[in-house]
Amino acid sequence: MPGAATRERFEQAVLPHLDAAYNLARWLTRNEQDAQDVTQEAFLRAFRFFDGYQGGNMRAWLLTIVRNTCYTWLHQNRPPDSAVEFDEEIHSSESSGGADPELQVLASADKETVHRALEELPGIFREVLVLREIEGMTYKEIADVASVSLGTVMSRLARARTRLRQSLGAALGKES
Amino acid sequence: MSCKLTQRFVPGYLDGELDLSRTIEMETHLQVCGECARELERQQALRAALQRSSLAYAAPEALRERIQSSLRASIPAEAPERASGWDAMQFLRPLLLMRWAGAFAVLALCAVIAWQLLPGLRGPSSDQRLAAEVLTSHVRSLEASHLLDVASTDQHTVKPWFDGRLDFSPPVEDLASDDFPLVGGRLDYLEGRQVAALVYQRRKHFINVFVWPVAAGSSSTQTIAPQQGYNMTRWSRGGFQFWAVSDVNAQDLADFVRLLQARTAPESK
């Protein structure tokens, strides 16, 4: 069982990743208080499994536990995400020549709109974007954290980006 | 006309995930393919929009303190068997201080006897550590209402649920006809790996069965000494390790384990 010496080792190795853990929990739960509770629970879990930690990528190991703790928590406390549609296509702009309207939208997107658009994405798309764009993780690391194949990471990431672009386009198109 | 490289390779190029030869190929291709170049430009614009929106949340300082104090608090509560080991040491420590050869001999003799007769005085073996983990998981599953990730009495619902969540497919059997109905399943962790937890009910009591793959071979059923009022049994067969834990009485748990073993895969040779 973990003792005081293990706890010190754990704190030195794992606490530096607290921000990453909290960030993921915050984006998955979309609530500050819930994110704190889930992060705390995840750290206690991680501490219990720390003896079994085989070395390797500490941040990915921790985020795997954070993610699972989040989903267990969401499963018990929130209605499931609305069904995800599978029929998106990347719409390439028809205009040839001249300024690309979508580029202008993306260039003008303000912080609040981007934040809201990401927050409103379904969980499986939100998490790959958070891990890739905020945490800067590789496909392999994301695959490990989300327990899916590399192919799934790539297709989710592509769809997540498409959706995010569509919702930014919709949000900013409305305003102008 | 749509370039078939656009969807396949632009994201990988953007994320720096292509190998060297593909990267070079893509760079050459981008100079001639307007569609790929435009798509890359938009992907970069999206990334830039994400980057400038400061989306990363930093953990509040209070959370760090909360976690540290909860880690400290978790140590005595989670190490009950160590506490009893220390009691024994307090009894032996005066002997140690005498520093007589005779005392050493006595101590050595005591140690040998204790080692032989009282497994509880040995340092925590991997089995005991695992037993403590199993017990903790069981108690937490009940306390934190983390009992079920999938609630179903149907083994044909529970078993597929684990597919894609685990890298193995655990045997799932309903024992409703023997008054041990299956109520669902859950993902859990033991020894740092993901395991399947199957939950059965006996009247008002729950039985957690933790399952994970082991190297081929099987071991006989082993009953672990009750801890804090919980009975535990472990066995392995068909390439899986099983740990059953519950507060039902020892006889009920033994019956349950026998029934479950009769249903799961036969002994693998």
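**Figure 1. Confidence along chain B of the predicted model.** Chain B has a mean pLDDT of 80, and 77% of its residues reach 70 or more, in what is a predicted model. Within chain B, confidence is highest in H3(B), at a mean of 93, and lowest in helix H5 (residues 80-98), at a mean of 52. Over residues 77-85 of chain B, pLDDT stays under 50, and for this stretch the model has 14 contacts beyond four places in sequence. The scores given to the model are ipTM 0.86 and pTM 0.55.

**Figure 2. The side of chain B that touches chain A.** The contact between the two chains draws on 51 residues from chain A and 48 residues from chain B. On the chain B side, the elements that each give two or more residues are helix H1 (4-14), helix H3 (34-51), helix H4 (61-78), helix H7 (126-143) and strand S2 (182-190). Of these, H4(B) gives the most, with 11 residues. Sorted by class, the side of chain B that touches chain A has 19 nonpolar, 18 charged and 11 polar residues.

**Figure 3. Packing of helices H7 and H8 in chain A.** Helix H7 (residues 123-134) and helix H8 (residues 139-146) of chain A pack with their axes 10 Å apart and at an angle of about 140 degrees. The two helices, H7(A) and H8(A), are therefore oblique to each other, and their crossing is right-handed. From H7(A), the residues A:Glu127, A:Val128, A:Leu131 and A:Arg132 meet A:Ile142, A:Val145 and A:Ala146 of H8(A). By class, this contact of H7(A) with H8(A) has 5 nonpolar and 2 charged residues, and no polar ones.

**Figure 4. Packing of helices H4 and H8 in chain A.** The axes of helix H4 (residues 58-77) of chain A and H8(A) come within 8 Å and cross at roughly 40 degrees, which makes H4(A) oblique to H8(A). The crossing in which H4(A) passes H8(A) is right-handed. In H4(A), the residues A:Ala60, A:Leu63, A:Thr64 and A:Arg67 meet A:Glu141, A:Asp144, A:Val145 and A:Ala146 in H8(A). By class, the contact of H4(A) with H8(A) has 4 nonpolar, 1 polar and 3 charged residues. On the H8(A) side, A:Val145 and A:Ala146 take part in this contact and also in the contact with H7(A).

**Figure 5. The positive phi angle of B:Asp179.** Although B:Asp179 is not a glycine, its phi is positive, at about 65 degrees. This residue, B:Asp179, is found in the loop that lies between helix H8 (155-162) and S2 of chain B. With 14 other C-beta atoms within 10 Å, B:Asp179 is partly exposed. Strand S2 (182-190), at the other end of this loop from helix H8 of chain B, is also among the elements that give two or more residues to the side of chain B that touches chain A.

**Figure 6. The positive phi angle of B:Gln228.** The phi of B:Gln228 is near 50 degrees, which is a positive value in a residue other than glycine. The place of B:Gln228 in chain B is in the loop between strand S5 (219-227) and strand S6 (230-237). B:Gln228 counts as exposed, because it has 8 C-beta neighbours inside 10 Å and the exposed class covers residues with 12 or fewer.

How values were computed:
Residues are numbered from 1 along each chain as its sequence is written. Chains are lettered from A and ligands numbered from 1 in the order in which they are written. This is a predicted model: local features need pLDDT of at least 70, side-chain atom pairs count only at pLDDT 80 or more; totals for chains, interfaces and linings use all residues. Two residues are in contact if their C-beta atoms, placed from the backbone, lie within 7 Å. Helices (H or I, at least four residues) and strands (E, at least two) are DSSP runs, numbered from the N terminus. Ala, Val, Leu, Ile, Met, Phe, Trp, Tyr, Cys and Pro count as nonpolar, Asp, Glu, Lys and Arg as charged, and the others, Gly among them, as polar. Axes are lines fitted to C-alpha atoms, for helices over the stretch in contact, and angles run from 0 to 180 degrees between N-to-C directions. Angles under 35 degrees count as roughly parallel, over 145 as roughly antiparallel, 65 to 115 as roughly perpendicular and the rest as oblique. A crossing is left-handed if the near helix is turned anticlockwise from the far one by less than a right angle, and right-handed if clockwise. pLDDT is the predictor's confidence in each residue, from 0 to 100. A residue is buried if 20 or more other C-beta atoms lie within 10 Å of its own, exposed if 12 or fewer, and partly exposed in between; C-beta atoms are placed from the backbone.
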